[in-house]
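Please view the sequence and the model first, then read the points below.

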Amino acid sequence: MDLGLQGKRALVCASSKGLGLGCAEALAAEGVDLVMNARGHDALKAQADRLRAEHGVEVQTVACDVTTPEGQAQVIEAAQGVDILVTNAGGPPPGLWSDWDREDFIKALDANMLTPIAFMKALLPSMMDKGWGRVVNITSQSVRAPIAVLGLSNAARTGLTGYVAGTARQVAPYGVTINNLLPGIHATDRADSLDAGVSAQKGISLDEARAERAATIPARRYGTRQEFGATCAFLCSQHAGFIVGQNILLDGGATNLTM
């Protein structure tokens, strides 16, 4: 299927590894030029060089912390005029409800709610002027079914979801869509970190912790960045213009919902 994305340009945040990289790879394979962002310069440069070589697309890199005003300004300057925005940020640390203070919530909101909103506010107007644009926010399955130990993520990402619900319907008349992808457990560094915590808590091996978690997923495995990226690319395609303000689960059936 031709996704109709040849020659488009996309900003993909946190794209040196994990789900962000999966999205960047899938978009590059469709001929999309990229602005890639991550905190670490070396890993970001290595992936950008690879995508240029494999797909012949233009790739600009911006290594910075986008939760800071300075980092946001750098990325927004580099991404002026993009057709596609993919927001992404690592989740806050797990813990108990009694562990978190105001500063912990502020950090979570900055990373997982306020930064995506800042990018949308900066980049949506040019998409609307052109009459075409796509925004995909990578959030979490926890906005549909909260995960107790991820209370910071539950709160911040649900706030972003509420913002998108209203905003998506305001920009849709201009040919711009905004949707959210809600990953469950994928084979990423984030999953490794969570599994390591379970391993330490229960006194079991990392492999045993992974096997326990995989057994709770109807698909009986973790997702891959490649299949996640393919879904992202479809949402960015010419075929997805009637999908507006949706929250799409990619969790192997782990979230037990009827609708």
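Helix α1 lies across β1 (9-12), β2, β4 (84-87), β5 (133-138) and β6 (176-183), and runs at about 170° to β1. Contact here means heavy atoms within 4.5 Å; angles run from 0 to 180 degrees between N-to-C directions, with axes fitted to C-alpha atoms, for helices over the stretch in contact. The model is predicted: local features need pLDDT of at least 70, side-chain atom pairs count only at pLDDT 80 or more, and totals for chains, interfaces and linings use all residues. Residues are numbered from 1 along each chain as its sequence is written, and side-chain values use heavy atoms, with hydrogens and water left out.

**Overall form**
- The chain holds eight helices and seven strands, which are DSSP runs (helices H or I, at least four residues; strands E, at least two) numbered from the N terminus.
- Its radius of gyration is 18 Å, close to the 18 Å that the globule rule gives for 259 residues, so the chain is as compact as a globular protein of that length; the radius is taken over C-alpha atoms, and the rule is 2.2 Å times the number of residues to the power 0.38.

**The sheet**
- Seven strands form an open sheet in the order β3-β2-β1-β4-β5-β6-β7, with parallel pairing; two strands pair if DSSP finds at least two bridges between them.
- The edge strands, β3 (59-63) and β7 (247-250), each pair on one side only.
- From one strand to the next, the twist averages 15°.
- Strand β2 (residues 33-38) runs parallel to β3 and is joined to β3 by five bridges, and Leu34 has Val59 in β3 as its bridge partner.
- Helix α5 (residues 151-171) lies across β5, β6 and β7, at about 155° to β6.

**Helix α1 with helix α2**
- Helix α1 (residues 18-29) packs with helix α2 (residues 41-55) at an angle of about 25°, and their axes are 10 Å apart.
- The two helices are therefore roughly parallel to each other, a term for angles under 35 degrees.
- In α1, Leu21, Ala24, Glu25, Ala28 and Ala29 meet Gln47, Arg50, Leu51 and His55 in α2.

**Helix α3 with helix α4**
- Helix α3 (residues 69-78) and helix α4 (residues 102-130) pack at about 35°, with axes 11 Å apart.
- Gln72, Val75 and Ile76 in α3 meet residues of α4, including Thr115, Phe119 and Leu123.

Key:
Parallel < 35°, antiparallel > 145°, perpendicular 65-115°, else oblique.
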